[in-house]
Amino acid sequence: GVGAMCEHVIGASQISADEINVYRDGLLQMTYAELKAHPDFAPIPNMETELWDQASSITVFVQALQNYYRFRPFDPDSFLGDPIVYEKFRSYIREGALIGNTFAGPTRFTPAGANGGRSPSTMQ
């Protein structure tokens with residue numbers, strides 16, 4: 001689910017460290033390297049792993065909202081609180097269309113909810 005109905009957030013990637021510095025996020029209009037170099041960027045202390053996938057999750061959700069409501073009226077009182085609006089938005093995310101571009105590249109999901117933005121790797 002999304003919004004208040006979201007119980008779990010899972011991220012996984014087979015993207016290389018070099019690739020996250022190539023893709024430009026559609027919301028922030030910068031690469032992950034540019035974000036880290038920004039004066040307002042505050043890394044989490046004692047964090048050993050990069051947080052680009054968490055940042056990508058947030059920006060792709062915002063980009064999905066922007067795209068979904070581009071030609072629809074936005075009512076903050078019913079947004080994700082109305083079960084019909086919630087299901088329409090969830091269905092939009094899963095229709096396979098490009099939702100947005102993140103540090104990991106183009107993002108889209110299949111009707112089954114699987115990542116459909118990047119081709120799977122052929123070698124491990």
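Guide: Before we look at any residue, contact means heavy atoms within 4.5 Å. This is a predicted model, in which local features need pLDDT of at least 70 and side-chain atom pairs count only at pLDDT 80 or more, while totals for chains, interfaces and linings use all residues. Residues are numbered from 1 along each chain as its sequence is written, and side-chain values use heavy atoms, with hydrogens and water left out.

Visitor: OK, where is Thr 31 placed?

Guide: Thr 31 is in the segment before α1, which covers 32-37; helices are DSSP runs (H or I, at least four residues) numbered from the N terminus.

Visitor: And is Thr 31 buried or exposed?

Guide: Thr 31 has a relative accessible area of 7%, so it is buried (under 20%; exposed is over 50%, partly exposed in between, with a 1.4 Å probe and protein chains only).

Visitor: What is Thr 31 in contact with, leaving aside neighbours within four places in sequence?

Guide: With those neighbours left aside, Thr 31 is in contact with Ile 20, Asn 21, Val 22, Tyr 23 and Arg 24, and also with Phe 103.

Visitor: Changing topic, at what angle do α2 and α3 pack?

Guide: Helices α2 (52-68) and α3 (83-93) pack at about 110 degrees, with their axes 11 Å apart, and they are therefore roughly perpendicular to each other (65 to 115 degrees). The axes are lines fitted to C-alpha atoms over the stretch in contact, and the angle, from 0 to 180 degrees, is taken between N-to-C directions.

Visitor: Which residues meet there?

Guide: On the α2 side Phe 61, Ala 64, Leu 65, Asn 67 and Tyr 68 take part, and they meet Lys 88, Phe 89, Tyr 92 and Ile 93 in α3.

Visitor: How many aromatic pairs does the structure hold?

Guide: There are seven aromatic pairs, meaning rings of Phe, Tyr and Trp (its six-membered ring) with centres within 6.5 Å, stacked if the planes are under 30 degrees apart, edge-to-face if over 60 and tilted otherwise. Phe 61 and Phe 89 form an edge-to-face pair, 5.8 Å centre to centre with 90 degrees between the planes, and this pair links helix α2 to helix α3 across 28 residues.

Visitor: Which of those two is partly exposed?

Guide: Phe 61 counts as partly exposed, at 27% relative accessibility, whereas Phe 89 is buried at 0%. Phe 89 also forms an edge-to-face pair with Tyr 68, 5.5 Å centre to centre and 80 degrees between the planes, and both of these residues are buried.

Visitor: Which residues do the ring pairs link into a cluster?

Guide: The cluster holds Phe 61, Tyr 68, Tyr 69, Phe 74, Phe 89 and Tyr 92.

Methods: Helix = DSSP H or I, 4+ residues; strand = E, 2+ residues; numbered from the N terminus. Parallel < 35°, antiparallel > 145°, perpendicular 65-115°, else oblique.
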